[in-house]
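Dear colleague,

Please find the structure below, handed over for your records. My findings follow it.

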Amino acid sequence: MTLADPLPGPAPLLGVRGLTVRTDDGRTLVDDLSFTVDSGERLGLIGESGSGKSLTTLAVLGLLPDGMTATGSVELAGTQVVGAPEKRLTAVRGRDAAVVFQEPLTALDPLTRLGRQIAGPLARRTGLKGRDLRAAVTEALVRVRLPEPDRIARAFPHEVSGGQRQRVALAMALACEPALLIADEPTTALDVSVQAEMLDLLDSLVREREMAVLFVSHDLAVVAGVTDRVLVMKDGRAVEEGPVLDVVTAPRAEYTRALVAGARKLESALDLRSPR
Amino acid sequence: MTSVPEPTPVPVPSPAPVLELADVAVRYRGAADDVVQGVSLAVEPGRSLALVGESGAGKTTLLRILLGLARPTAGTVRFDGEPLAPRDRRQARRFRRGVQCVFQDPYSSLDPRRRVAAIVAEPLRSLGLDSRASAAPKVAAALERVGLPADAAARYPHEFSGGQRQRVAIARAIVCDPRVLLADEPVSALDVTTRVKVVDLLAELKEERRLTLVMVSHDLSVVASLCERTAVLERGRLVEQGDTAQVLGAPAHPYTRRLLDSVPRLPA
């Protein structure tokens, strides 16, 4: 298994080496994890609950909750994230990497109109004000294919549907034109048909911008649709890494085999032969 | 409201339904529109039924009506051919004996302050079927059947994983030998590998106990694995119902087709 062999040539956009996350009481939640994401590359992080995949994304952004410490190295666009002071991280977040979380209702401020929430990062990056800023907000909402962008900009998070909220969260993340988009189970809370639209949207937006993506999910089929390469995690460790197609058609690790077999078994139930 | 008229191969006389909804509508107080409208369904013994649809389609509302937890604003609910009367205590006991349920979230559906033994014994105790002592062997058998270790009985819910908790919930539901098991998204909170195992367990229970499942789910592959019949709901209306092989194998309604097309699939 080749886990992040040192590559010759330019440094990757995101380079994670020997990342370990421990709790203060000594439990190891992410264990010696290494991977890279190049500019424009799309990596999927797959694992079941408790595998450490979400903690990995938080560690990449320097957002680990209190009581947890990261060691090892996370280099994001040339900045060492592990151990960096908050001030340096603030500059990195948004510009180099932005994130979309699973539950948009908790990611968005319930007391602030959606337009204003997008305007925040947008103003910081572009320096726009007033009417120009409002126009840019509308444009950001149109880009994520939201109907009636003006109504949505005036609405509070609870006044729009779950799918719409997740699009707003995506618009916020994209507002800073980050080099890396981190998506942590961005469609898990959505209905299937809304999920399909969201994945399609995400796929075309990052392709247009040649944006790199770190896509975290427990759902193999979802990850397979939007990434080129996947890393399978179990109990905080990487068990397998490779091109998506190889991993889902010829999984090597026993755990990956079980994961793929499970997904295929459920899926096969849908191959119904109609009596007609 | 089956899709396309077609010659039925062998006309099997359908057995009398256990649960039946006739032209049921639900409107919440103060709301302008019905959340469920004109729904007629029958749950026949041995033919598990899935209610499929997206959020807000009214799946859970219908399930609550079938469980007797909510009353429709129009239409009737029948249990064994009689209208469900919430004030009829004798019927209520018969109903609870015959119809049990499993909910979506195994974290909130088990009382955290009670040991698993007491949780699983609850239906037996509240139906007055058993004392604590006489319930014990039944509880042990149910726990064993769902694949939990014998010492599970003495432990508390927080000591178990999500999948194990869902097994506790299933043990509680089957301990009094019901005929019908109503399940609201029973596996959607579980990881894939756990999900497969719990689906297998439900399939086995269906077989060996002749249990009829009525399941609400947005996961079509789970529905196809477990249910003979499928009813598709869109915004409170039934758009299609029939044999699962037919409804999901050759959907007649565009909404059903859209749901099917949206299911993410692994590359072959």
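**Findings**

In chain A, 64% of the contacts between residues at least 6 apart in sequence join residues at least 24 apart, a contact being two residues whose C-beta atoms, placed from the backbone, lie within 7 Å. This is a predicted model, in which local features need pLDDT of at least 70 and side-chain atom pairs count only at pLDDT 80 or more, while totals for chains, interfaces and linings use all residues. Residues are numbered from 1 along each chain as its sequence is written, and chains are lettered from A and ligands numbered from 1 in the order in which they are written.

Chain A contains 11 helices and 10 strands (DSSP runs numbered from the N terminus: H or I of at least four residues for helices, E of at least two for strands). Of its 276 residues, 45% are buried, that is, with 20 or more other C-beta atoms within 10 Å of their own C-beta, placed from the backbone.

In chain B, helix α5 (residues 162-174) packs against helix α6 (residues 192-209) at an angle of about 15°, the axes being 10 Å apart (axes are lines fitted to C-alpha atoms over the stretch in contact; angles run from 0 to 180 degrees between N-to-C directions). The angle therefore makes α5(B) roughly parallel to α6(B), the term for angles under 35 degrees. G163(B), Q166(B), I170(B) and I174(B) of α5(B) meet T194(B), K197(B), V198(B), L201(B), L205(B) and R209(B) of α6(B).

Note on methods:
Parallel < 35°, antiparallel > 145°, perpendicular 65-115°, else oblique. Buried ≥ 20, exposed ≤ 12 C-beta atoms within 10 Å, placed from the backbone.
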